[in-house]
Amino acid sequence: MEVNTRVRALEFLVQHKAVAGVVETVPSFRSLLVYYDPSVVAYEALCATLAELAAQAEHASLPPSRVVELPCCYEDSELGIDLAAAAERLGLPPQDVARLHAGAQYLVYFIGFTPGLPYLGGMPERIMLPRLETPRTKVPAGSVGIGGIQVCIYSVESPGGYWILGRTPVALYDPESTDPILLRPGDLVRFRPIDRGEYDDISAAVKAHTYVPVIR
C-alpha cells in the first residue's frame with residue numbers, strides 16, 4: 001500500500017503541475033506509465049522532471065479518498081455462481097463467506113484489464129483462495145470475484161479466473177456517460193449485501209439512467 005500510495009502521489013503531482021508534454025498517466029500496483037508528446041518535451045527532460053517529482057511524492061499529500069458503496073447480491077446462485085463451492089473449500093457456511101467479504105473495506109489500487117475493472121486490496125485472510133485452475137471464457141459484467149489476495153469486479157463481460165461470490169447491479173463502465181469509469185485509484189469500496197429483489201430494482205434504475213451511486 002505504501003508503494004502504491006507513492007505511485008498515486010506521483011500521478012497527482014504530474015497532473016497538478018500540468019507537466020508539459022504529458023498526455024496521459026496510467027498507474028499500476030507499483031509503477032506509473034506516462035504517455036507524452038515528443039514534439040513538446042524531450043525524453044531526457046521529461047525523465048528529469050519525473051525524477052524530481054518522484055522524490056517529492058514520498059511526502060506529498062493526496063486528496064481524501066472517496067468511499068464508494070456498491071450493493072452486492074450474494075444470496076442468489078445465478079449471481080454468486082462460486083459462493084457455495086468457495087465456502088466448501090474454505091470450510092465455512094456460504095453466509096459467513098459473504099459476511100466476511102462484505103464486512104471489509106477495499107482499496108482500489110488501479111484500473112486495468114478491461115475498461116473500469118478495479119483491482120482491490122484488503123480482503124480478509126480467512127477467505128483467501130487461489131484463482132480458479134481453469135478460467136472461464138465469459139464472466140458477466142458486475143460479477144464480484146476473489147482470487148489470491150485480490151478482489152475484482154468485472155466491469156464488462158470478459159474471461160476471468162476469480163471465484164464469483166456475488167454480483168453488483170451498478171455499472172462500473174458506462175461508455176455513454178460523461179464520466180464513463182465509476183471507480184478511481186485510491187477509492188475505498190464497501191459492499192452492501194442486498195437480496196435479489198433489490199438487485200433487480202437497482203438494475204432497472206441503472207438501465208434507465210436514474211440510479212445514483214452512493215459516494216462519500
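This is a predicted model: local features need pLDDT of at least 70, side-chain atom pairs count only at pLDDT 80 or more; totals for chains, interfaces and linings use all residues.
User: Is Ala18 buried or exposed?

Analyst: Exposed counts as over 50% relative accessible area. Ala18 has 60%, so it is exposed.

User: Which loop holds His209?

Analyst: The loop between helix H5 (196-207) and strand E12 (214-215). His209 is not a glycine, yet its phi is positive, about 60°. His209 has 54% relative accessibility and therefore counts as exposed.

User: Now pockets. What does a probe show?

Analyst: A probe the size of a water molecule, rolled over the atoms, shows where empty space is left. Here, the largest pocket has a volume of about 500 Å³. Its lining has 18 residues, and those nearest the centre are Arg8, Glu11, Gln15, Arg184 and Pro185. H1 and E1 are the elements that give two or more residues to this lining.

User: How do the lining residues of the largest pocket divide by class?

Analyst: Eight are nonpolar, four polar and six charged.

User: How much space lies in the second largest pocket?

Analyst: About 350 Å³. Sixteen residues line this second largest pocket, with Ala171, Asp174, Ser177, Tyr211 and Pro213 closest to its centre. By class, the lining of the second largest pocket has eleven nonpolar, two polar and three charged residues.

Note on methods
Residues are numbered from 1 along each chain as its sequence is written. Side-chain values use heavy atoms; hydrogens and water are left out. Buried means under 20% relative accessible area, exposed over 50%, partly exposed in between (1.4 Å probe, protein chains only). Helices (H or I, at least four residues) and strands (E, at least two) are DSSP runs, numbered from the N terminus. On a 1 Å grid over the protein atoms alone, a cavity is a set of points where a 1.4 Å probe fits but cannot get out, and a pocket is an open set with protein on both sides within 12 Å along at least five of seven lines; lining residues have an atom within 4 Å of a point. Grid points are joined across faces, edges and corners, and a volume is the space filled by probe spheres set on the points. Ala, Val, Leu, Ile, Met, Phe, Trp, Tyr, Cys and Pro count as nonpolar, Asp, Glu, Lys and Arg as charged, and the others, Gly among them, as polar.
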